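Here is my notebook from an afternoon with this model.

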Amino acid sequence: MTVRLRVDWPDCRARGLCHEVLPELVDLDEWGYPVITGEVTPELLADARVAVRMCPRLALRLVT
Ligand code: SF4
């Protein structure tokens, strides 16, 4: 099963907290919006869940 992070763009405010929590999978573009760089591997799943919980705008989701 493939797990990915998805950003709900209308809600994202480009604060970059997800990048700080999960730099392995989240880059930031020049405006500070997250760029998801890959699938969530089993090793990164716990950190990905933390990133989802910490998003202040509830703009980050895990999808399968
Ligand atoms: S933490 Fe949430 S609001 Fe902040 S950049 Fe990431 S997705 Fe957007």
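**Asp27.** I began with Asp27, which sits in strand β2; strands here are DSSP runs of E, at least two residues, and helices are runs of H or I, at least four, numbered from the N terminus. Its relative accessibility is 38%, so I noted Asp27 as partly exposed. My scale was buried for under 20% relative accessible area, exposed for over 50%, and partly exposed in between, with a 1.4 Å probe and protein chains only. I then listed the contacts of Asp27, leaving out neighbours within four places in sequence: His19, Tyr33, Pro34, Val35 and Thr37. Contact means heavy atoms within 4.5 Å. Gly16 is 11 residues from Asp27 in sequence, and the two C-alpha atoms are 8.7 Å apart.

**Ground rules.** I reminded myself that this is a predicted model, where local features need pLDDT of at least 70 and side-chain atom pairs count only at pLDDT 80 or more, while totals for chains, interfaces and linings use all residues. Residues are numbered from 1 along each chain as its sequence is written, and side-chain values use heavy atoms, with hydrogens and water left out.

**Core.** Which residues have the most contacts inside the largest nonpolar core? I found Leu5, Leu22, Leu25, Val26, Val40, Ala48 and Leu60, in a core of 15 residues. β1 (4-7) and α2 (45-54) each supply at least two residues of this core. The rule for a core is buried Ala, Val, Leu, Ile, Met, Phe, Trp, Tyr and Cys residues joined through side-chain atoms within 4.5 Å.

**Salt bridges.** I counted two salt bridges, taking a side-chain nitrogen of Lys or Arg within 4 Å of a carboxyl oxygen of Asp or Glu. In one of them, Arg4 meets Glu39 at 3.6 Å, N to O. Arg4 is in strand β1 and Glu39 in the loop between β3 (34-36) and α2, so the pair ties together parts that are 35 residues apart in sequence. Arg4 is partly exposed at 39%, and Glu39 is partly exposed at 41%. Asp8 pairs with Arg61, with the closest N and O atoms 3.2 Å apart. This pair links the loop between β1 and α1 (17-21), which holds Asp8, to strand β4 (residues 60-63), which holds Arg61, 53 residues apart. Arg61 is partly exposed too, at 37%.

**Surface patch.** Trp9, Trp31 and Tyr33 make a nonpolar surface patch with about 390 Å² of accessible area together. Tyr33 is in the loop between β2 (26-28) and β3, and is partly exposed at 31%. Patch members have over 30% relative accessible area and no salt bridge, with like charges joined within 9 Å and nonpolar side chains (Val, Leu, Ile, Met, Phe, Trp, Tyr) within 5 Å. The areas are Shrake-Rupley values with a 1.4 Å probe, and for residues only the protein chains shown count as cover.

**Cysteines.** I found zero disulfides, the test being a pair of cysteine sulfur atoms within 2.5 Å. Cys12 is buried at 10%, and Cys55 is buried at 15%.

**Positive phi.** Most residues other than glycine have a negative phi. Ala14, in the loop between β1 and α1, has a positive phi of about 60°. Leu58, in the loop between α2 and β4, has phi near 55° and is exposed at 65%.
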